[in-house]
Structures are given as structure tokens and as C-alpha cells.
Amino acid sequence: MTQQLTQGLYSLLLGLVLLVTGCQTHRQVVEQAHESFWQGDLERSGLELAKAAERPRNDLAVLQLDQAMVEFQKGNFADSQHLLKQVRGELSAIPPASETARSAVSYLTDDTRRAYTGEDHEKLLLPAMLALNSLLRADGDAVAYAHQLGDECAALLDNRPLEPIAAEPVPTPPTPAQPAVNPAVTLNPAVTVNPAVTGPPTATMIPAGSTNQAEPVQQVVLSDTPPAMPLVPKIDPIRFELAFGPLLRAVIRGQSVLNHDDVIRHLQTANDWRPGSEFLQLELARAVAGQQAPQGYGSLYVIALVGRGPRKVTGTEEVTSQALLVADQLLSALGDYTLPPTVAPIKIARIELAPITVESLRISINRQEMGLTENVGDIGRLAVARQKELMPQIVGRAVARRVLKKGIIVAGKSASGADKESGNDLTSLLYTAAGVAWEAAEQADLRGWSLLPGSIQVYRVDLPCGAHQLDLRGELQGRTVSSRFGTPVQIRDGQATFAIATLPDQQATGRVFATQ
Amino acid sequence: MFLRPSASCLLFSTVTVVGLLALAGCRSHQYAHVLKDHQQDMVGSHEAGAETFNSLVDESVSKLLSRQAPEGTVEELSGEPLSKRICFVGVENYSSEDIGDFKDQLFEQIDASVATSGQFQTISTRYVENGLRQLRLVPGDLMVPQNMRSFSSVMEQNGQPFDYLLFAKLTSGTTESNKSYQRDYLLTLELVDLNTGRSDKESAKVRKGYHSSRVGSWMKYSSPLAR
């Protein structure tokens, strides 16, 4: 019995080593594919992703999502849409029972064994990318994807584990550095360009007295005390970055003048979620006033996917009391276990923001500079904020796994008699070593849609009917950081034309595609 | 340390169950079925759905049509009753819910119900949309007399003259009671006579109760304590 157990332990150790080695190679191929994408080598990136997808490591869905981004960049919208729809089908096909089963297995291994159901920000970007593909293909499904995007936004907000941050007044630092706001530029009396801002406002950067202030707060200045700081409503970081959802819905629904009330409703939501946005405020004011492109003009919407999206890296997390509570609940469901009073830091997949290499895109029409795109959704910040909310669940699961593994090792020792004084020291040592190796072999679940853009940015301009040349270039802190890229656009009377631009990195080649 | 003495058997049984579960169906199938006419609509648990909107459309349209009986005008040649031409300019959602894809369906349901009544002849939505776009108007602008005249004239030029404008508006009212709430949905159809400027309104209402549990529903409506 003891000999059999010992052999089993050797096999387990060997298996763990092989497993870790195999995963490393696969991971390297995937990372190389991502690097090729950021450097603008789409062909190579596509080939490497296809190679990785031939032998997936429980990560086929995320590989297909990345492939969809490569195909989108290449202008293969049908292929991109096909891949996205395939993943959407796969994610929705994971039944609760199977998810439970795989989750249960993950307690014996690690979170990489869990069925991949997609991070919340990925679930939002899926219909958003489908809608953009659909606009460019003009297949008539964009409205349906816009509805799905609305459903995903609602689902995310409904399933928040914590109460969203209330809009309570918080002090802001004095005289925050404000981004420069360009004055409205006028081509001719009929063409008005939206003022663009150089970057998104943050919760602490919103100026007091700006339109985002919910209600005026009277300041009381007491003698012997420093001047009271202006108060502004605290912003919900998730909703703030989600504003692109209702905005895309408004823009897509707005193609029909009969949906005017829908447009106002969605723009109002976007403004509520992202107060202080110049673009959103102007669009709402325009919609409320029923203002449309003047006679003989049409609107050009530029929707830009700018910068690198978030990525997952292995990190450690302190075990909080909240996480211990979650772990206790999970263990109660699995069996008769008790929690230790403290647990050492846990290895988890932490969402990391990519360095900002491109901030926004400068728009030129017919070689005349018009303005900058404005950020209406930072995907990285959205992902980080969401992970922060879910952290107690993530850590709680890891704690439960650690306790369960230790429990199995203790039970094994007990069954083989190695825990007794008369027991075999070598067997006991092997058990301990196996336990350590078992825990060490745990890998953080780094699966994720890695080729997402850093932010979704927008720009709108009314132009005379006819052909125009749209050009864009990346900017970072007022400096041009990419070569110019563009496309001809055809403007139709009273109608909207969409140009979808992508610039993932300074080194990458920017691309822009326009609806016909 | 982590495991109570009696737990070892439980532990191994857990592992076995886990293994079996993992092998069991890792792929699901979604099922669907077509509802027969006699089968009831599904009732939306969080928002209005088919059960609300279908009733609202049926009731409001039939009420409006019954009030707008033909006035005896007949075609000169055929002698058949002359149907009035209606320009339906859309459904406005002023309720507290985002009705999503139902909005377009509401439009089509109302449009089709009015068209099949025989009393009215509807104008294609595409003409309506083009007419509004030509003038850079939105449906709400049509209540300004000048805009109404311009629109009517453009539609006439496009070969689509009309006698009436039809507006549909969805509103809601919510009453909260602890964790339960009642929401009343009101669909109002407003018919505006282009010649006289007179408007006629008809509404239909559906009241729905939302509860966080079945017990809550029972307590509110079926228990002896319910008022």
C-alpha cells in the first residue's frame, strides 16, 4: 500500500513538471503572437495564433478572440465576425453544471482548469466588436448587436458583488491640471467640429463647477482653517468606462430618425455615467435640440480603437477577511473543512494596464486638421476596476483550493500511517514534497482577450456631401507618434458615415475602414 | 490541521464526484420550442415583455379604430369607403425601462394592426423616414405647425399624401412597497387630423407586480393578509 502510494507520488511530481513545461511553450507562442500584433506584423501574428489554436490549452476561446482582432485589423470583417460569433456561442454554451464541474476540478489544480466564461469587459467588447464589424460589412445586424451590447452592460451592472460607489461628495485636490480644450473649429458656417479634449477626465480631475456637478455645493470658509476644497460627486469607475456602450447604441440607433427618443435616452445614460465628457455633452445637446447635419451635409463618425488593452500577469494578493469569508462559504459547500486563521499571500492573475504609447488620434479632412478623438471608454481601467470588485471571490477561491489541497495531503498521510510516530519518514517527506510541488505547480489563470484596444475613442464632424479624404495620426502628449494613415470617405445627404480606425501601438500601422 | 478526523472518506468521495462531474457533459445544448397560439407568453421577471406589449398594442389599437369609424366618404368610381391615410411617425419610449428590440416590434405591430383594419391606409416607414430626413426633422418637431406643413408638402411631393399623423408613446409609473414594486405600463396612441389639427387619444394599460420571491407575490396578492 505504502509502496503504491510512493509510486503514485513520483508520478504526480513528474506529471506536474511535464504539465508546467508544456504550458510554458504554449504561452511563449501566444505571447510572440501578441508581440507581432503590437509591432504591426499581422500575418505573423495570425500564423502564430493559428499554431497555438491547433493545440489549445483550455484557451481556444481567447485565441479565437485574438484571431478575430487580427482579422479585423486586416480588413477581413466576415472572418472576424465569424470568429467572434463562434466564441459567443462557445461561452454561452457552457452550462452551469459543466461550469460547476470544471470549477470543482480547478480546486484540485488551478483556475486554468475552469471553463473560460470570459471576463466582464470581454463580454462587453464582444458585441461591440460585432457591431463594428457589422457596420463595416453593412449586413444589417448592427442594431441587433447594439441591443446585445446594452444587455451586457445591464448584466454587468446587475451582477456587481459590491454596492457601486455612491455619488457622495468627495473633496478634490485644489486646482487640478485641466486638459487643454480646443475651441470649436469651423470649416464654413455650416460645418461645426466638436471640441476635443486631450484625455479622459478622472474622478479627481473633474473641475468643480463644471456641468458634471450634480448640485451646487455651498463652500464655507472658516477662519484659521484652509479653504474648503470644492466638492464634486464621486464617480463610479465602472460606469465611467462603460459609457461607450450607450454611446455606440445611440450612434447605431441614430441612423434612423425615427429612433430619436432612443438616441436621447442612450446619450443621457452615457452622460450620466461619464460626466464631464465634452463629446457626450455636445452630442446630447445636439440630440435634444433635434439638430442634424445641415442641408447638403452628412455626418462622419470616427470610432477609434486606440492603444493596447489590459493584460493579465501573475501577481500575489494578500488574503483579506472578505476573501476568507468567501473561501469559508466555498469550503462549506465542498465538505467538512475548517479555515486556518491566516493564509499566506495567494498567487492570482492580476490585470495590468499597458503603457500608454498612443493617447488619441488627430483627425484631418482633406488635409485640414480638425481635432482629436475623445476617449469614451478605457478598457484597461474598466477591467482593473471590475477585478478590484471581484477580488474577494478570486482570492477566496484560491484560499479554498489551498486548504483543500493541504487537506488531501494530510488525509493521504493519515491513510498511509505516515503521520504517526512509527510511520515511514521518507513517505512523510514525500507527501510533504508532493504537497509543496502541488501548490507550486499552481498557475495563475492568465487567459484573456489580449489584443483588445486600450480605449474606445470617438469624433464626429458634419461634412458636405461627396468624397473626402480622412487622415489620422497618433498623438501622445501633443506629439505625433505615428505615421499618417487614412481612407477616402463618401458623405451622403443627411446620413451618417462611419469610419473605424485602429492604432494599437506606435510601432503598428494604423488602419481605418469606412462604411460605403 | 485543516481536516477533521472524520473527513478523509468524505474527501475521497468528493474527489471521485469531482472527476465524474468533469467527465460529464462539458458541452450543453440549448433547447427551444415554438409557442402555440393557445400557449401563454412568457412573463418578464424584471421588465415588461411580450405579455405586456402584446396586450397594450391589441387594446389600444382596437380602441382607437373603434372610435374612428368611417364617415361615409366613398370613392367616386368604385363606391367603396375611402380609407384615410395615416402617417405613423414612431413609438416614443418614455417608460423607465429600456425596451430594447421590442421598440421596433411595437412599431411594426401597431403599423400592421392599423393597416389591416381596412379603415386606414398606412404610409411606408421608409417614405416617412426619408421625408423627415429631407427636412432634417425629428418626429417631435412635427407638432410645430410650420414643420407639419413642410412635412405634409414634402410627403405630397413624394407621392405620399396623408390625412392623419399617428404617434405612439409608452410611459410607465412605479409604486414601490418594500422589496416589491408595481409598474403600470401605458401605451397611448395619438391621432392628429392634419386638416383640423384635432387630436384623438386612446390608451391601454397593463399593471405588473415584481417581487424578489414567490412568497412576496403570494403575500401581496393571494394571502389572507392581502388587501
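Pairing here requires at least two bridges found by DSSP between two strands. Helices (H or I, at least four residues) and strands (E, at least two) are DSSP runs, numbered from the N terminus.

Before going on: this is a predicted model, in which local features need pLDDT of at least 70 and side-chain atom pairs count only at pLDDT 80 or more, while totals for chains, interfaces and linings use all residues. Residues are numbered from 1 along each chain as its sequence is written, chains are lettered from A and ligands numbered from 1 in the order in which they are written, and side-chain values use heavy atoms, with hydrogens and water left out.

Back to the chain A sheet. For angles, axes are lines fitted to C-alpha atoms, for helices over the stretch in contact, and the values run from 0 to 180 degrees between N-to-C directions.

Within the sheet, eleven bridges pair strand β3 (residues 297–308) of chain A with strand β9 (residues 453–464) of chain A in the antiparallel sense. Opposite A:A304 stands A:Q457 in β9(A). Contact means heavy atoms within 4.5 Å.

The classes are: under 35 degrees roughly parallel, over 145 roughly antiparallel, 65 to 115 roughly perpendicular, and the rest oblique. The crossing of α9(A) past α10(A) is left-handed, the term for a near helix turned anticlockwise from the far one by less than a right angle, with right-handed for clockwise. On the α9(A) side the contact is made by A:P246, A:L247, A:R249, A:A250 and A:R253; residues on the α10(A) side include A:D262, A:H266 and A:W273. By class, the residues of this contact are seven nonpolar, two polar and three charged. Ala, Val, Leu, Ile, Met, Phe, Trp, Tyr, Cys and Pro count as nonpolar, Asp, Glu, Lys and Arg as charged, and the others, Gly among them, as polar.

Next, helix α3 (residues 60–74) and helix α6 (residues 120–137), both of chain A: their axes come within 12 Å and cross at roughly 30°. The two are therefore roughly parallel to each other, and α3(A) passes α6(A) in a left-handed crossing. From α3(A), A:L65, A:M69 and A:F72 meet A:L126, A:M129, A:L132, A:N133 and A:L136 in α6(A). This contact divides into seven nonpolar residues, one polar and no charged.

How many aromatic pairs does a search of the whole structure find? Ten, over all chains. Rings of Phe, Tyr and Trp (its six-membered ring) pair if their centres lie within 6.5 Å; planes under 30 degrees apart count as stacked, over 60 as edge-to-face and the rest as tilted. One of the pairs is A:F72 with A:F513, edge-to-face because the ring centres are 6.4 Å apart and the planes at 70°. A:F72 is in helix α3 of chain A and A:F513 in strand β14 of chain A, so the pair ties together parts 441 residues apart in sequence.

Now chain B. Five strands form an open sheet here too, ordered β2-β1-β3-β4-β5 (chain B), with mixed pairing. Its edge strands are β2 (120–122) and β5 (199–210) of chain B. Neighbouring strands are turned by 30° against each other on average, direction ignored. Strand β4 (residues 180–193) of chain B runs antiparallel to β5(B), joined by twelve bridges; B:L189 has B:E202 as its bridge partner in β5(B).
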